[in-house]
Amino acid sequence: MKEISGINHIGVRVASLEKARAFYEKLGFEFIIGPIGPEPVAVMEHPSGVNINFILNAAPENTKNLLMDIPEKHPGYTHIALDVSDIKAVQAELGNLGIEITEGPITLPDGAVMLFIRDQDRNVIEFHQNPK
């Protein structure tokens, strides 16, 4: 479909708006609205234009990511990847914020570099620097 022009938003299921908001504000996201709607949903947006819709109905006692942390592999979206201009600066900032890097940095054969973190509900976030 040639009409697709980009990604409008990312939907992420979370257990607590308060905890999700605090975590994603550390990454530079700004609270827009919520909770709204029947699910309910809250919206945060980064100045870069990345928009996240938090679906506020995850079980609070969940300690594993169904798609990433169990041996059986279920279909579904496994992570979001955020483009960054300086992976070393991101790595340093994550350290300053006390956010654990769960994997990486990994350098691909083409020179791209990535690292991964988990949010408060164990959702995976990749920071990806394209080859220079």
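Visitor: Which side chain does the side chain of N53 join in a polar contact?
Guide: This model is predicted: local features need pLDDT of at least 70, side-chain atom pairs count only at pLDDT 80 or more, and totals for chains, interfaces and linings use all residues. Residues are numbered from 1 along each chain as its sequence is written, and side-chain values use heavy atoms, with hydrogens and water left out. A polar contact is a pair of N or O atoms within 3.5 Å; within protein, one must be able to donate a hydrogen and the other to accept it, and residues adjacent in sequence count only if both atoms are side-chain atoms. At 2.8 Å, the partner of N53 is N51.

Visitor: Is N53 buried or exposed?
Guide: N53 sits in strand β4 (strands are DSSP runs of E, at least two residues; helices are runs of H or I, at least four; both are numbered from the N terminus). Buried means under 20% relative accessible area and exposed over 50%, with partly exposed in between (1.4 Å probe, protein chains only). N53 has a relative accessible area of 15%, so it is buried.

Visitor: What arc do the buried residues of α1 cover?
Guide: In α1, residues 17-26, the buried ones are L17, A20, F23 and Y24. They lie on the same side of α1 because their arc, taken from the directions from the helix axis to the C-beta atoms, is only 135 degrees.

Visitor: Which exposed residues does the face of α1 turned away from its buried side carry?
Guide: The buried side is covered by elements including β2, β3 and β4. The face turned away from it carries E18 and K19.

Visitor: Which residue caps the N-terminal end of α1?
Guide: One of its side-chain oxygens lies 3.4 Å from the backbone nitrogen of E18. The capping residue is S16.

Key: Contact means heavy atoms within 4.5 Å.
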